[in-house]
Amino acid sequence: MNYETRKQTIGVDVGNGTTASSSIELRSGITAVKDSQIAEHSAVIDGNSYVLGENTWTYQVNRTQNADCKNVTLYVVARELQARNLPPGDYDIALGVGLPFQHWSTLKGDYKAYYQDGQKHNVLIDGKNYSICFTSVAVMLQAYSAFVDRLSILKGKMVMLADIGDGTLDVILFEDAVPKETGSFTEELGVKSCFSMAKRNYKGKTQKELSRNTFEQVIRGQSRVSNTLENCINQAVNEYCRNLYNSLVEGGYDEDAMSLIVMGGGANIVKTYGGEEFSGAEFLLDTKANAKGYEAFMRKYREKIGG
């Protein structure tokens, strides 16, 4: 493997619900185990065995306090290398990651130091070892980075961008493609809160538990369930969409004066169930859009500095 092949540029979007690169997406949870024989996503990272992708995280602003976030990123980077048909071996990675607008200025230094630790990390997947070193790290604006190659969408107008993740709703207000701090905010109003409402509704009606998998399959139209369960989920989703819209309006959204773009894991929910309030919104349904934006930015940066 030549030197240029060893140098790879990868963007990774680590969320509370899912983590994605330009090719890979899985749930963000990671659990230490003694060994795994059946899990879809498992790896030995720096000598420790993990199962990944089977659960989500609770909302947390700063994830640099332990190794979980880094290990999930390492796993996704190794899977991305596999998706690019690259062999096991040593890789120097130019890594692009992101933070919500509200936390970017205060935490970007912490995240850069967290990832760019000068260490080679070994990720063993299916008997193949990837030795990964994050040689350069850029911490970018979440949501905004998804538009790095299409800023014309934001130019010449006021735009409210709503990025609906699993744990939070992150909103950025743009004026002529420039983010405005005073009009931007974060609320714990992600998809997980919608699931919690549906779970409460169903348990209140039947005393039964609703799993996250069943919830997701129903809202995607991939599963036929009883009328009782369907009604419980529909009631929750409709209330959730109303709560989202009210939050946007309270945050300054004016449908007569600005455009609304909805993205993230919850965009499909709003597009399907949002009703008249969201009829004028544009939807970015690619759940890997942030990761692709981070990668595009890093590529441009590396070309600029010749690295």
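The chain exposes about 14,500 Å², of which carbon and sulfur atoms supply 44%; accessible areas come from the Shrake-Rupley method with a 1.4 Å probe. The model is predicted: local features need pLDDT of at least 70 and side-chain atom pairs pLDDT 80 or more, while totals for chains, interfaces and linings use all residues. Residues are numbered from 1 along each chain as its sequence is written, and side-chain values use heavy atoms, without hydrogens and water.

Buried means under 20% relative accessible area (1.4 Å probe, protein chains only). Eight helices and 15 strands make up the secondary structure, taken as DSSP runs (helices H or I, at least four residues; strands E, at least two).

The largest nonpolar core has 38 residues; such a core joins buried Ala, Val, Leu, Ile, Met, Phe, Trp, Tyr and Cys residues through side-chain atoms within 4.5 Å. Helix α6 supplies the largest share, 10 residues. Y240 is among the members that touch the most others. Beyond four places in sequence, Y240 touches residues including I164, L189, M197 and I269, contact being heavy atoms within 4.5 Å. A second, separate core of 35 residues includes I30, L99, V123 and F134.

T19 lies in strand β3 (residues 18-20) and counts as buried because its relative accessibility is 0%. Its side chain makes a polar contact (N or O atoms within 3.5 Å, one able to donate a hydrogen and the other to accept it; residues adjacent in sequence count only if both atoms are side-chain atoms) with the side chain of S28, at 2.8 Å.

Technical notes. Buried means under 20% relative accessible area, exposed over 50%, partly exposed in between (1.4 Å probe, protein chains only).
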